[in-house]
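Visitor: I'd like to learn how to read pockets and sheets in a model. Could you walk me through one?

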Amino acid sequence: MILTPGSVTLAQIEKVWREERPVTLDASARPAVEAAAAMVAEAAEAEAPVYGVNTGFGKLASRKIAPEDTETLQRNLILSHCCGVGAPLDPARVRLMMVLKLMSLGRGASGVRWDVIALIEAMLARGVIPVVPHQGSVGASGDLAPLAHMAAVMIGAGEAIYEGARMSGVAALASAGLTPIVLGPKEGLALINGTQFSTACALTGLFGARRMAENSIVIASLSTDAIMGSTAPLLAEIHALRGQTGQIEVAARMRALLAGSEIRESHREGDSRVQDPYCIRCQPQVVGAAWDVLDMAARILEIEANAVTDNPLVLAGEGRIVSGGNFHAEPVGMAADMIALALSEMGAIAQRRVALMVDPTLSHDLPPFLTPDPGLNSGFMIAEVTTAALMSENKHLANPCVTDSTPTSANQEDHVSMAAHGAYRLCRMVENLGVIHAVEALCAAQGIEARAPLVTSEPLQRMIAVLRKEVPPLGADRFMAGEIETVAEMVRAGDFLRAAEDAR
């Protein structure tokens with residue numbers, strides 16, 4: 001995929017991540033990159049101090065560095081910042097981080113040579129993936145530690161994965177037919193300054209959350225029919241009067257999914273219930289609000305993915321190299337907190353629907369715990385408990401991270417964003433929500449089948465058919481953990497969305 005720095009879309013980024021496509025920058029970016037690199041090379045030889053070019057870093061910025069020590073300065077910077085700990089980031093997100101760094105360097109304001117860009121492109125094309133520990137960044141002067149582990153492989157240090165094997169960085173490059181690069185002035189700083197680790201994690205969280213929001217609409221529609229819920233709260237006029245975009249969209253999709261259901265038509269008259277519980281009646285309001293929040297986060301992250309976030313910046317058009325603070329990851333941290341709130345709330349309302357369906361006092365004549373022989377069998381009793389556990393975990397994980405600033409680096413970096421772990425947690429939250437949706441789908445399908453000979457709508461019948469290819473209805477109690485994970489993977493893969501897509 002050829003990317004044009006500054007104008008890459010979220011759709012392109014998601015395709016790069018999901019399909020692990022090789023990436024190159026559009027050749028039109030090269031003149032600006034080389035012009036900025038020439039300015040940096042000239043500044044490195046000059047007497048005037050320019051931060052990070054011929055000076056030390058952070059609190060040591062007042063220390064002047066001789067031109068002959070430039071290469072050592074940049075190499076030492078990378079090695080000294082390789083202080084990450086914890087489990088390695090998965091290869092797909094490391095690849096995305098590298099792509100985002102390419103996009104930033106390609107804007108021509110970082111002062112690196114084109115050779116640096118070409119090496120990252122080649123590593124992506126040949127499958128050299130640095131081992132990047134996920135802990136160590138506070139999202140202040142960029143994601144210093146994680147990006148240093150990426151850059152270390154480029155200079156023949158650190159570790160990398162190549163063809164499924166973990167090895168030294170220099171061995172990985174050699175195995176792929178690549179040569180380590182000797183960093184020029186400012187190049188090490190350009191590689192480790194920036195928000196690419198946080199942004200990569202936030203973007204994958206966003207992509208997962210969006211898929212979960214779509215899943216929530218389909219699975220909630222199935223749950224609504226399973227408990228013989230009313231579709232009156234989905235009327236377009238109700239949602240138009242409020243005017244919230246996401247709410248209107250969710251209601252419209254649910255109306256289409258439920259249209260033609262025999263179950264729904266069977267209780268339009270004579271139903272003693274006046275109103276359904278909020279988890280049924282307010283699905284458009286809750287998931288619609290999450291939808292809107294995800295859209296806001298998406299706008300922030302699309303801008304950030306295309307941004308230049310290192311320091312100092314080379315303003316070639318003005319002939320100046322200037323210091324700023326674009327490395328501060330506050331926008332990413334804010335977006336990650338927004339995504340976390342949306343994930344938590346989607347899980348909270350989904351879990352209440354699971355609880356509704358297994359409770360015989362609320363499920364409108366469904367068997368207790370959705371088992372045909374209650375007492376001897378427990379049915380979905382503990383599957384519901386599992387969803388409660390994961391819902392609670394996501395609530396804890398949804399606590400904001402950007403409010404947890406702490407000073408670092410001898411008080412030079414005295415306000416930080418905590419965007420790195422704010423973004424990293426999102427993957428775990430998406431995984432948890434996938435399981436909640438999986439249990440809801442299993443319960444809803446079981447509930448629909450208990451309404452036979454009445455059937456649900458055609459789109460929802462297709463969804464159940466896809467589910468039943470992998471997991472049969474629950475009769476007598478059986479080992480369910482593997483089945484839950486199978487369905488969770490179907491949720492994450494979008495299998496149910498594709499089955500119901502004709503109703504969109």
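Predicted model: local features only at pLDDT ≥ 70, side-chain atom pairs only at ≥ 80, totals over all residues.

Visitor: Where is arginine 210 found, and which residues is it in contact with, leaving aside its neighbours within four places in sequence?

Guide: Arginine 210 belongs to helix 9 (residues 196-226). Beyond those sequence neighbours, its contacts are Leu10, Leu294, Asp295 and Ala298.

Visitor: How do I look for empty space?

Guide: Rolling a probe the size of a water molecule over the atoms shows where empty space is left. Here, the largest pocket holds about 320 Å³. Among its 16 lining residues, Trp17, Arg18, Val430, Glu431 and Arg492 lie nearest the centre. The second largest pocket has a volume of about 270 Å³, and Arg210 is one of the residues closest to its centre, along with Glu14, Arg211, Glu214 and Leu497.

Visitor: Which helix gives the most to the lining of the second largest pocket?

Guide: Helix 9, with five residues. The lining of this second pocket divides into five nonpolar, one polar and nine charged residues.

Visitor: And how should I read a sheet?

Guide: Strands of a sheet pair through backbone hydrogen bonds, either parallel or antiparallel. In this model, three strands form an open antiparallel sheet in the order 4-6-7. Strand 4 (128-130) and strand 7 (165-168) each have a single partner strand, so one side of each lacks a neighbour in the sheet. The twist averages 35° from one strand to the next.

Technical notes
Residues numbered from 1 in each chain as written. Heavy atoms only, no water. Helix = DSSP H or I, 4+ residues; strand = E, 2+ residues; numbered from the N terminus. Contact = heavy atoms within 4.5 Å. Pairing = 2+ DSSP bridges. Axes fitted to C-alpha atoms, helices over the stretch in contact; angles between N-to-C directions. 1 Å grid on protein atoms, 1.4 Å probe; cavity = no way out; pocket = protein on both sides within 12 Å on 5 of 7 lines; lining within 4 Å. Points joined across faces, edges and corners; volume = space filled by probe spheres on them. Nonpolar A, V, L, I, M, F, W, Y, C, P; charged D, E, K, R; others polar.
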